[in-house]
Amino acid sequence: MEEEAVESSTVPDLDDDDSSSTLLDLTSYQLHDLDSVELSPNLTELDLTANRLSTLDPRIGHLSHLKKLSLRQNLVTDDAVRPLSSWNALSSLEELVLRDNQLRNVPDVSIFEKLVVFDVSFNEITSLHGLSRVSNKLKELYVSKNEVAKIEEIDHFLQLQILELGSNKLRVMENFQNLTNLQELWLGRNRIKAVNLCGLKYIKKISLQSNRLTSMAGFEGCIALEELYLSHNGITKMEGLSSLANLRVLDVSSNKLTSVDDILNLTQLEDLWLNDNQIASLEGIAEAAAGSREKLTTIYLENNPCAKLPKYAATLREIFPNIQQIDSHVFS
């Protein structure tokens with residue numbers, strides 16, 4: 001009994017009249033249920049991250065002011081979240097986080113007509129079936145670290161700005177053509193062999209790290225692109241970059257490159273990652289990177305044959321007068 005008293009005393013009690021009761025953060029309380037918790041009807045945010053919940057307290061379904069609900073890192077299954085689809089009082093919910101649980105399917109969240117953030121990453125989801133019922137007002141969708149094999153049911157997300165599908169089983173880039181407002185696309189750790197961005201002209205960040213690319217072709221139309229991450233692939237040549245005049249960060253480390261090419265027009269380039277390739281010489285780098293000579297502040301070339309050359313760092317500092325970091329060495 002004493003242990004129960006101590007445990008319950010660590011859970012905050014809420015007074016309905018308390019103005020601070022709009023936010024309840026119960027992160028890491030190791031709760032198995034919410035029996036000892038008072039849920040104010042005024043709550044707008046409820047954070048239940050890192051507990052041991054395997055069911056949803058039905059009282060949550062009456063929190064009509066709730067805007068944000070996080071159930072991250074619990075023991076929630078498909079059966080446990082099924083009641084969500086009938087909790088009409090929560091129809092104004094804007095952010096739902098179900099990350100790091102035991103879901104096998106995309107839950108039915110169709111009643112949340114104002115949902116803008118939906119996170120079901122780190123589960124056991126095998127298909128995107130069910131996304132077609134998610135609000136078309138969605139701006140951020142996170143489905144990383146699952147078992148998804150196909151990109152589908154995303155056509156109606158006309159306002160989507162961030163799409164995270166890293167660490168799945170994707171082989172083909174497809175069905176992006178309607179995502180005209182997409183700003184960030186994260187597809188690292190999949191099985192993709194070719195780039196197909198379906199005309200995403202306004203995208204600013206793309207990650208295709210740890211895939212099966214052998215070519216950089218396919219980014220030519222992404223003229224607003226600012227960050228491009230392509231490390232850990234099988235790329236043999238730098239190409240298709242000349243139209244990316246807004247690029248600030250380019251990571252092509254851990255590929256099969258033998259030379260630096262097609263970056264002359266990248267006048268905004270600040271970070272260039274070329275480490276762990278097969279670049280034998282520094283000859284030609286000054287000419288290839290002439291457009292970013294003044295702008296470049298960071299360059300990685302370690303674990304290339306050229307990094308073992310005499311005066312390696314001195315040569316790079318001469319080429320790039322404003323360089324602040326070469327490999328792991330930062331200049332004061």
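Hi everyone, let's start with a side-chain pairing: Arg99 makes a polar contact, side chain to side chain, with Asp119, at 3.3 Å. Before I go on, please keep in mind that this is a predicted model.

So where does Arg99 sit? You'll find Arg99 in the loop that runs between strand S4 (95-97) and strand S5 (117-119). Is Arg99 buried or exposed? Its relative accessibility is 18%, and the cut-off for buried is under 20%, so Arg99 counts as buried. Leaving aside residues up to four places away in sequence, Arg99 touches Leu71, Arg72, Gln73, Asp119, Ser121, Phe122, Asn123 and Ser144.

Now step along to Asp100, which is also in the loop between S4 and S5. Asp100 has a relative accessible area of 32%, so this residue is partly exposed. Take Ser121 as one of them: Asp100 and Ser121 are 21 residues apart along the chain, and their C-alpha atoms are separated by 6.2 Å.

Let's move on to the rings. How many aromatic pairs does the model have? The count comes to two.

If you look for them in the structure, Trp186 is in strand S8 (residues 184-186) and Tyr229 is in strand S10 (residues 227-229), so the pair links distant parts of the chain, 43 residues apart. Trp186 is partly exposed, at 23% relative accessibility, whereas Tyr229 counts as buried, at 18%.

The other pair is Trp273 with Tyr300. Here the ring centres are 4.0 Å apart and the planes are at 5°, so this pair is stacked too. Trp273 belongs to strand S12 (residues 271-273) and Tyr300 to strand S13 (residues 298-300), so the pair ties together parts that are 27 residues apart in sequence. What about accessibility? Trp273 is partly exposed, with a relative accessible area of 28%, while Tyr300 is buried at 11% relative accessibility.

The charged end of Arg317 sits over the Phe331 ring, 3.8 Å from the ring centre.

To recap, we saw Arg99 in polar contact with Asp119, two aromatic pairs, and Arg317 over the ring of Phe331.

Methods:
Residues numbered from 1 in each chain as written. Predicted model: local features only at pLDDT ≥ 70, side-chain atom pairs only at ≥ 80, totals over all residues. Heavy atoms only, no water. Phe/Tyr/Trp six-rings, centres within 6.5 Å; stacked < 30°, edge-to-face > 60°. Helix = DSSP H or I, 4+ residues; strand = E, 2+ residues; numbered from the N terminus. Buried < 20%, exposed > 50% of the residue type's maximum accessible area, 1.4 Å probe, protein only. Lys NZ or Arg CZ within 6 Å of the ring centre and 35° of its normal. Polar contact = N/O pair within 3.5 Å; in protein donor to acceptor, adjacent residues only side chain to side chain. Contact = heavy atoms within 4.5 Å.
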